[in-house]
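Welcome, and take a moment to look over the model before reading on. We will start with the overall layout and then visit a few places one by one.

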Amino acid sequence: MSQTATDTSPAPPEAEPRRTRGRPRKTADERDDGNRRQELLRAAARLFRQQGFAATSTRDIATAAGMRSGSPFYHFENKESLLAAVMLEGMQRATGRQAGAMQAAAAPGTALSARDCLRVLVRSHLEVLLGTDSDFIPVMLYEWRSLSEVQRQAVNELRREYEAVWVPVLQALHDRGELQGNTSLARLMIFGALNWAVQWYDPGRKASLDDLAEAALQLFLKERA
């Protein structure tokens, strides 16, 4: 029977809006803040690498990012904390790129050889150092002494996580007779040699990153007898 105009029965309650699962969506302002922070990090990384930490001002960074001179202080306490953030961002990017490279290289149902694993790791590291948007890690190599002890500890924690992936690979190569000497020292020497490429690599020499990776393996490893 339909409800008449004189019906005084209470109307049914309005349905509550459905709650979304997971984290709430970021507001436009929050997304904008995140984008601006990334713009500052990219600008700072580029200038710290090109000019050096001491010679770069926060005004320089703000200008390069297309912001007002005081904008960096909205996101970072001072220039030193911005430098630490650049290094942390660099290590996070490097770790993510390395994990993606290892996953992409592994064919379903098959395992990479230790030599192939090292090739992937070396190639990924060279991409971090010399590829596009590659200012972050070189800044860490150049400006390490500008960090406080606490900041160094935070960066070192990520660095150890990044390098931990290399440890079983190098040990497997050592067990197979393809890598001689102490594996811990070998890891340090390998990273030292690869990191130095930021000083001399010239894309105009026609050597690709694949070429560099293969040359590195020939230098570090010997063929199994």
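This is a predicted model: local features need pLDDT of at least 70, side-chain atom pairs count only at pLDDT 80 or more; totals for chains, interfaces and linings use all residues.

The protein chain has 225 residues, and 38% of them are buried. Among contacts between residues at least 6 apart in sequence, 72% join residues at least 24 apart.

Now turn to a pair of helices. Two packed helices are described by the angle between their axes and the distance between the axes. Here, look for helix α4, residues 79-105, and helix α5, residues 114-130; their axes come within 9 Å and cross at roughly 145 degrees. The crossing of α4 with α5 is right-handed. On the α4 side, the contact is made by Ala94, Arg97, Gln98, Ala101, Met102 and Ala105. On the α5 side, Cys117, Val120, Leu121, Ser124, Glu127 and Val128 take part. Sorted by class, this contact has 8 nonpolar, 2 polar and 2 charged residues.

Lys79 belongs to the residue range of α4, and you can find Lys79 over the face of Phe53, at 4.4 Å from the ring centre.

Next, find Gln151, which has its place in helix α7. Is Gln151 buried or exposed? Its relative accessibility is 18%, and because buried means under 20%, Gln151 counts as buried. Setting aside neighbours within four places in sequence, Gln151 is in contact with Glu80, Ser81 and Ala84.

Finally, let us look at the aromatic rings. A search of the whole structure finds 4 aromatic pairs. One of them is formed by Tyr162 and Phe191, a tilted pair with 6.3 Å centre to centre and 50 degrees between the planes. Tyr162 lies in helix α7 (residues 149-164) and Phe191 in helix α9 (residues 183-195), so the pair ties together parts that are 29 residues apart in sequence. Tyr162 is buried, with a relative accessible area of 3%, and Phe191 is buried too, at 6%. Trp166 joins in as well: ring pairs link Tyr162, Trp166 and Phe191 into a cluster.

Technical notes
Residues are numbered from 1 along each chain as its sequence is written. Side-chain values use heavy atoms; hydrogens and water are left out. Rings of Phe, Tyr and Trp (its six-membered ring) pair if their centres lie within 6.5 Å; planes under 30 degrees apart count as stacked, over 60 as edge-to-face and the rest as tilted. Helices (H or I, at least four residues) and strands (E, at least two) are DSSP runs, numbered from the N terminus. Buried means under 20% relative accessible area, exposed over 50%, partly exposed in between (1.4 Å probe, protein chains only). A charge sits over a ring if NZ of Lys or CZ of Arg is within 6 Å of the ring centre and within 35 degrees of the ring normal. Axes are lines fitted to C-alpha atoms, for helices over the stretch in contact, and angles run from 0 to 180 degrees between N-to-C directions. A crossing is left-handed if the near helix is turned anticlockwise from the far one by less than a right angle, and right-handed if clockwise. Contact means heavy atoms within 4.5 Å. Ala, Val, Leu, Ile, Met, Phe, Trp, Tyr, Cys and Pro count as nonpolar, Asp, Glu, Lys and Arg as charged, and the others, Gly among them, as polar.
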